[in-house]
Structures are given as structure tokens and as C-alpha cells.
Amino acid sequence: MQIILLGAPGAGKGTQAKFISDHLSIPQISTGDMLRASVSKGTELGLKAKVLMEKGELVPDDLILDLVKDRISEKDCANGFLFDGFPRTLDQANALKDKGIKIDCVIEIMVDDDEIIQRMSGRRVHTASGRTYHIKYNPPKQENIDDETGEPLIQRPDDNEETVRKRLAIYHDQTSPLVDFYKKSSLVQNGNKYIEVNGVGDIATIQEQIKKAL
Ligand code: AP5
């Protein structure tokens, strides 16, 4: 299965991606996590991305496409993959199409902006793995500590309200056109391959909805 997980920043893509990836035994490819890893390592890409990410802006398409092209050529992607946070512009989606990369299914997680703004202040992240928690809705077993490694959790620098509002505006402007792009696409015309999931409510219930739809 080659799947795209679509949704606004904070809709719960990362949270549900972990589950889908385990359920289908395919790797999660989060361009956000990959960029944050490059920022931590201080690579050339990381240095360029850091400034844009902190401002809530998108990283240029050519840099993202190089990153994704290399990642999907790795062995673990032979049986499929789950894109989380990619594609994010029509140019990125068209680049996938032009390269003949088949998409079996698009899952859209729908959450409105007010709910997202409230959620983001409570998000805590384990940087190395991308594991995500919420202080109220999905707390770690021990406050501010990752369940699996025992390492500290951080708050992302782009999770302050002003930057979240900017990320949402960019989502509505540049990423939401992908909803129509994939709904109309011949890839998803036959059968229920465009899955819309209500992303508000209990995380386990949303997981169940996705499992059923898949
Ligand atoms: P990226 O890391 O991809 O961020 P994003 O798309 O903005 O998405 P988030 O990671 O913020 O949210 P999410 O939907 O994964 O939500 P989560 O599961 O964590 O990108 C960051 C930046 O990198 C971009 O701004 C851009 O600069 C750059 N970038 C990345 N990809 C790019 C691309 N393709 N092109 C160009 N630039 C790119 O959940 C959020 C919180 O809510 C968590 O605390 C979680 O525990 C909680 N939560 C989850 N589900 C629920 C629920 N049902 N109820 C209550 N709380 C919940």
C-alpha cells in the first residue's frame, strides 16, 4: 500500500501514522521529522529548513522532492509507505504523478482550526523518533518523558499560537487544494480510496475508523 495522510497541522497525522504504519507494516515517511533530523544534525538542508520551519513557512519543493525520492528508494519501502505531511503543494503532488508513483489511498483527517489551536499548546514531542504526546489527551506515562526511551520531551518551536495560525493559513492556501486534486484523480475514482475521517474525538476511536476504512 502506498498511502498519503492529509490534514492540517495538528490534525493528528503523526499520531495516527504510527498506528497505520504498524498495522500495515509499512514505514511512515514524515517530511517534517526528516527535516527536523537534518536541523539537529546541522546539515546544509537543515540550516536552510530551520529558518523557514520556525516561521511556519514551507520548505521549497525541490529540496523536499530530493529528500522523498532518496527515502522511497530505500529497501524498507519495497512493500509500500505512508506519506505523513507530504505532498503539501500541487507541485509536489504533480511531481509524484509525473514520476509514476502510484497512490493507493488518501486518508484525510479533518479537524477545524479552533480545535487545532487549542491542541497545539499541549503537544510534546520526542525529537529522535517523532513520537507525539499531548499533556491532556495523550499524556506520557511520566510527565515530560518519552515512554519508550526515557528521554525528555520537548515543545516544538513552531507550536506557538502565532506560528500555528500562519501554518494553518498556508495549509488552507497551498495544501487544501490537494483534497480536490486527489478526489478528482483517476487514482481514487473507483472505490473508496479517498477516506475522510473526523479527527475530533478519542484517539482510539479515530484509529478504529481508519482501520475499518482501510
Ligand atoms: P510537519 O512536522 O509535517 O508538521 P504539520 O504538518 O504541521 O503537522 P504536525 O506535525 O504539526 O501535526 P500532526 O497532524 O502530525 O498532529 P499530531 O499527531 O502531532 O511539518 C513541520 C514543518 O516542516 C512545516 O511547517 C514546513 O516548514 C516543513 N515541511 C514538512 N513537510 C513539508 C513539505 N512536504 N513541503 C514543504 N515543507 C514541509 O497531533 C497534534 C497534537 O494533538 C499532539 O499533541 C497529539 O497528541 C494531539 N492529538 C492527536 N489526535 C488527537 C485527538 N483526536 N484529540 C486530541 N488531541 C489529539
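**A ligand and its surroundings in a predicted model**

Start with Arg-36: one of its polar side-chain atoms sits 2.8 Å from an oxygen atom of the ligand. Keep in mind that the model is a predicted one. On its own the ligand would expose 1,000 Å², and the protein buries 97% of that. In total, 35 residues surround the ligand, and the closest are Thr-15, Glu-57, Arg-88, Arg-123 and Arg-167.

Next come the helices. A pair of packed helices is described by the angle between their axes and the distance between those axes. For helix α2 (residues 31-41) and helix α4 (residues 61-72), the axes come within 11 Å and cross at roughly 100°. Angles of 65 to 115 degrees count as roughly perpendicular, so α2 is roughly perpendicular to α4. On the α2 side, the contact is made by Thr-31, Met-34 and Leu-35, and α4 brings in Ile-64, Leu-67, Val-68 and Arg-71. Sorted by type, the residues of this contact come out as five nonpolar, one polar and one charged.

Two loops also have backbone details to look at. Pro-87 lies in the loop between β3 (81-84) and α5 (90-98), and a cis peptide bond joins Phe-86 to Pro-87, with omega at about -10°. Ser-25 belongs to the loop between α1 (13-24) and β2 (28-30). The phi angle of Ser-25 is near 55°, a positive value in a residue that is not glycine.

Terms used:
Residues numbered from 1 in each chain as written. Predicted model: local features only at pLDDT ≥ 70, side-chain atom pairs only at ≥ 80, totals over all residues. Heavy atoms only, no water. Axes fitted to C-alpha atoms, helices over the stretch in contact; angles between N-to-C directions. Helix = DSSP H or I, 4+ residues; strand = E, 2+ residues; numbered from the N terminus. Parallel < 35°, antiparallel > 145°, perpendicular 65-115°, else oblique. Contact = heavy atoms within 4.5 Å. Nonpolar A, V, L, I, M, F, W, Y, C, P; charged D, E, K, R; others polar. Near = heavy atom within 4 Å. Polar contact = N/O pair within 3.5 Å; in protein donor to acceptor, adjacent residues only side chain to side chain. Areas by Shrake-Rupley, 256 points an atom, 1.4 Å probe, with all protein chains shown as cover.
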